[in-house]
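Work through the exercises below with the sequence and the 3D model open. Each task is followed by a solution in steps.

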Amino acid sequence: MLDKHGARRVILAGVVMMLVQLALFTIFAKSMNNLFISLVYIIYMASMGMILGDVMTYALSRVGQPKTTQGNAILSTVQQFAGADGT
């Protein structure tokens, strides 16, 4: 999708999907069952994949070939710190 539509469209689609997921959780908060929670969580994780994967790919493409390894190391480190902070 990134190659066909560009980073901006795919990232914005992921953000819109995430906003839809948050709205669904907010609207139906009191009447959710396990199946509904699972389906909304699938939407959430799909949108996270669309956003994070494309942001990392786009960022590494903008850094340039000589600094790709350093950019990858920085993004991996930030991802580890964000996961630790989230935990």
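**Exercise 1.** Is Met 45 buried, partly exposed or exposed, and in which helix is Met 45 found?

Solution. Met 45 has a relative accessibility of 41%. Buried means under 20% relative accessible area, exposed over 50%, and partly exposed in between (1.4 Å probe, protein chains only). Met 45 therefore counts as partly exposed. Met 45 is found in helix H3, residues 34-63; helices are DSSP runs of H or I with at least four residues, strands are runs of E with at least two, and both are numbered from the N terminus.

**Basis of the values.** This is a predicted model, in which local features need pLDDT of at least 70 and side-chain atom pairs count only at pLDDT 80 or more, while totals for chains, interfaces and linings use all residues. Residues are numbered from 1 along each chain as its sequence is written, and side-chain values use heavy atoms, with hydrogens and water left out.

**Exercise 2.** Describe the fold of the protein chain and its overall dimensions.

Solution. Start with the elements: the protein chain has four helices and zero strands, in the order α-α-α-α from the N terminus. The radius of gyration is 16 Å, well over the 12 Å that the globule rule gives for 87 residues, so the chain is more spread out than a compact globule. This radius is taken over C-alpha atoms, and the rule is 2.2 Å times the number of residues to the power 0.38. Next, the C-alpha trace spans about 55 × 35 × 15 Å along its principal axes. Finally, buried residues make up 15% of the 87 residues.

**Exercise 3.** Which residues does the UniProt annotation "transmembrane region" cover, and how much of each span is helix?

Solution. The unreviewed UniProt entry places the annotation on residues 12-29 and 35-60; such annotations may be inferred rather than shown by experiment. Residues 12-29 are 89% helix and 0% strand, with end C-alpha atoms 25 Å apart. Residues 35-60 are 100% helix and 0% strand, and their end C-alpha atoms lie 37 Å apart.

**Exercise 4.** Where does Val 15 lie, and is Val 15 buried, partly exposed or exposed?

Solution. Val 15 lies in helix H2, residues 7-27. Its relative accessible area is 34%, so Val 15 is partly exposed.
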